[in-house]
Amino acid sequence: QDFIDARRGLVATNPDLEIRDSSGALVWRPADYAFLEALESAAVNPSLLRQARLNSIHGLFEVTGGVWQVRGYDLSNMSVIEGETGWIIVDPLTAVETARAAMALVNRELGARPVTAIIHTHSHIDHFGGVGGVGG
């Protein structure tokens, strides 16, 4: 059921996703985690393996009306809320490159809008590191 729930609301995904920096160096590639599917649960705590497999599901997901999440474009998730005058971004990932790729997906699938607010829920790097990639 968790895997069904994790895919609920899927709007779009990119199975060949590779996020690179301006010099071409690889920043993030979900395919690097494909080994998780073949990993035997006896080799690792089954709960951790299940969580890692759930985290490997990536794309843009509708959570509820006017609220979406980009998952699997980084170690963390970025939430996107449709505001009256633009996007409200919550926790813009860990890196400029991943946040930029996430915003490109959002704008491609939902329509380009200005970023009018950015909310950092707390001070861990995965909640603010990508702020330079979301615009605003």
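Student: Is Gly 86 buried or exposed?
Tutor: This is a predicted model, where local features need pLDDT of at least 70, side-chain atom pairs count only at pLDDT 80 or more, and totals for chains, interfaces and linings use all residues. Residues are numbered from 1 along each chain as its sequence is written, and side-chain values use heavy atoms, leaving out hydrogens and water. Buried means under 20% relative accessible area, exposed over 50%, partly exposed in between (1.4 Å probe, protein chains only). Gly 86 has a relative accessible area of 0%, so it's buried.

Student: Which residues does Gly 86 touch, skipping those up to four places away in sequence?
Tutor: Gly 86 sits in the loop between strand 6 (78-82) and strand 7 (87-90), strands being DSSP runs (E, at least two residues) numbered from the N terminus. Contact here means heavy atoms within 4.5 Å. Its partners are Ile 81, Arg 113, Pro 114 and Thr 116.

Student: How far is Gly 86 from Ala 117 in space, C-alpha to C-alpha?
Tutor: In sequence, 31 residues separate the pair. In space, C-alpha to C-alpha, Gly 86 and Ala 117 are apart by 8.1 Å.

Student: Which residues lie closest to the centre of the largest pocket?
Tutor: A pocket is an open set of points on a 1 Å grid over the protein atoms alone, where a 1.4 Å probe fits, with protein on both sides within 12 Å along at least five of seven lines; lining residues have an atom within 4 Å of a point. This pocket holds about 360 Å³ of space, the volume filled by probe spheres set on the points. Out of 18 lining residues, those closest to the centre are Ala 52, Leu 54, Asn 55, Ser 56 and Gly 72.

Key:
Helix = DSSP H or I, 4+ residues; strand = E, 2+ residues; numbered from the N terminus.
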